[in-house]
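The questions below ask what lies behind some of the terms used for this structure. Each answer sets a value against its cut-off.

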Amino acid sequence: MTIASLSDLSDNTRCPLLVVKVGSALLVGHEGVRREWLQELVNEIAAARGRGQRIIVVSSGAIALGASRLGLEKGGRGSLADAQAAAAVGQIALSGLWAELLGDHGLTAAQILLTLDDLEDRRRYLNVTATLARLLDAGAVPVINENDSVATQEIRFGDNDRLAARVAQAAQASAVLLLSDVDGLYTRNPKEPGAERIAEVDGITPEIHAMASRESASGMGSGGMTSKLQAAEIAELAGIALVIGNGTHAQPIARVTQQGIGTLFRAHRRSGARKAWLGGRLRLKGELHVDAGAAAALSRGSSLLAKGVTRVDGLFERGDPVAICAPAGRVIAHGLAEYDAAECTRLQGRHSSEHAELLGYAPRSAVIHRDQLVLK
């Protein structure tokens, strides 16, 4: 079954597994942890479990909480070293808080800390999938955060919106609920006059992206509306609905599901598991630019042939993930390269009959085979 309305998020038949992402500003205020608010949210999670739903929590707040305890400026985000130190202190308190409050309802919390590489590397991604499945089968509530104490700028998600979407993909969830400090997606910055909330979105288009603001009203979090739209794209590829709702109110899940205040990004397609993983990758090793003819052929389900490649960017090996870009530069697909960057450069624009002479060995059928390619 698909998620057709916001109320479906509280229906255990339409939404048997829900991922709830909680932003930093919701958990940690200027006076510290917003414990009463969190207790009400945990009450809602317990109620969802009581009606037969499984819940995964993606919880921000470690850096903000640690910075408060260490007295660090800028919410602990003044430098990478500050963020890592704050996360190391804050994560202990954060996981303990979730364990305590869930335990009050007889629920077991399970902490998982992830880096970008854990979900970008295929083998490690499958390990995450297996761990989540076993925890859910055992009745636990996984509480997940980015492992900010060891993540560097190069291997960070940078926000928990996209992490939540990737976790939902790994767990094969029905929907993702991003609780933030806004009611949903607006036609323009909601602070501006005339801004209107969009109730439903059927596919992320350039027009939808143009509505996004990178700002986070609290100044404590790292994800604005742009990161939420990127999360929606990841979820859509995996056939998962995504909802943006305002978590600053009491009982935020009920506000979304019962009052219908939020934005629902509908899921229309479900790629195979491997293609969904590939399409949701955030870190690619290079780019293959193609001509209009190749772009059109890819849209019809064809493999990418060297003759259609016009430029090769980046350093990558065979099997690495790369972006495929249309003539105007827009990314139209992700794929796993059949050749390394140097070989692709030698082959670009050349007919397949020339490949053996150029390379000195019998070539493979395509630069990227259609079975290792997913359209964006």
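Q: What makes α9 mostly covered?
A: In this predicted model, 11 of the 13 residues of α9 are buried. They are Met225, Thr226, Ser227, Lys228, Leu229, Ala231, Ala232, Ile234, Ala235, Glu236 and Leu237.

Q: Why is lysine 228 called buried?
A: The relative accessible area of lysine 228 is 2%. Buried means under 20%, so lysine 228 is buried. Lysine 228 lies in helix α9, residues 225-237. The unreviewed UniProt entry includes Lys228 in a feature named "binding site", together with Lys21, Ser180, Asp181, Ser222, Gly223, Gly224, Met225, Thr226 and Ser227.

Q: Why are the buried residues of α6 said to line one face?
A: The buried residues of α6 are Arg122, Tyr125, Val128, Leu132 and Leu136. Seen down the helix axis, they fall within an arc of 115°, so they line one face. In an α-helix there are 3.6 residues a turn, so residues three or four places apart point the same way. The face of α6 turned away from the buried side carries Arg123, Arg134 and Asp137, which are exposed.

Q: What makes aspartate 121 a cap of α6?
A: A side-chain oxygen of aspartate 121 lies 3.2 Å from the backbone nitrogen of arginine 123. The cut-off for a polar contact is 3.5 Å, so aspartate 121 caps the N-terminal end of α6. Just after α6, glycine 139 takes a positive phi of about 90°.

Q: Why are β12 and β15 called edge strands?
A: The open sheet of five strands has the order β12-β11-β13-β14-β15, with mixed pairing. β12 (309-314) and β15 (373-375) each pair on one side only. Neighbouring strands of this sheet are turned by 20° against each other on average, direction ignored.

Q: How do you know that β11 and β13 pair?
A: Two strands pair if there are at least two bridges between them. Three bridges join β11 (residues 286-290) to β13 (residues 321-325), so the two strands pair, and they run parallel. Histidine 289 has cysteine 325 in β13 as its bridge partner.

Conventions: Residues are numbered from 1 along each chain as its sequence is written. This is a predicted model: local features need pLDDT of at least 70, side-chain atom pairs count only at pLDDT 80 or more; totals for chains, interfaces and linings use all residues. Side-chain values use heavy atoms; hydrogens and water are left out. Buried means under 20% relative accessible area, exposed over 50%, partly exposed in between (1.4 Å probe, protein chains only). Helices (H or I, at least four residues) and strands (E, at least two) are DSSP runs, numbered from the N terminus. The arc is that of the directions from the helix axis to the C-beta atoms. A polar contact is a pair of N or O atoms within 3.5 Å; within protein, one must be able to donate a hydrogen and the other to accept it, and residues adjacent in sequence count only if both atoms are side-chain atoms. Axes are lines fitted to C-alpha atoms, for helices over the stretch in contact, and angles run from 0 to 180 degrees between N-to-C directions. UniProt positions are given in the numbering used here, feature names are shortened, and annotations may be inferred rather than shown by experiment.
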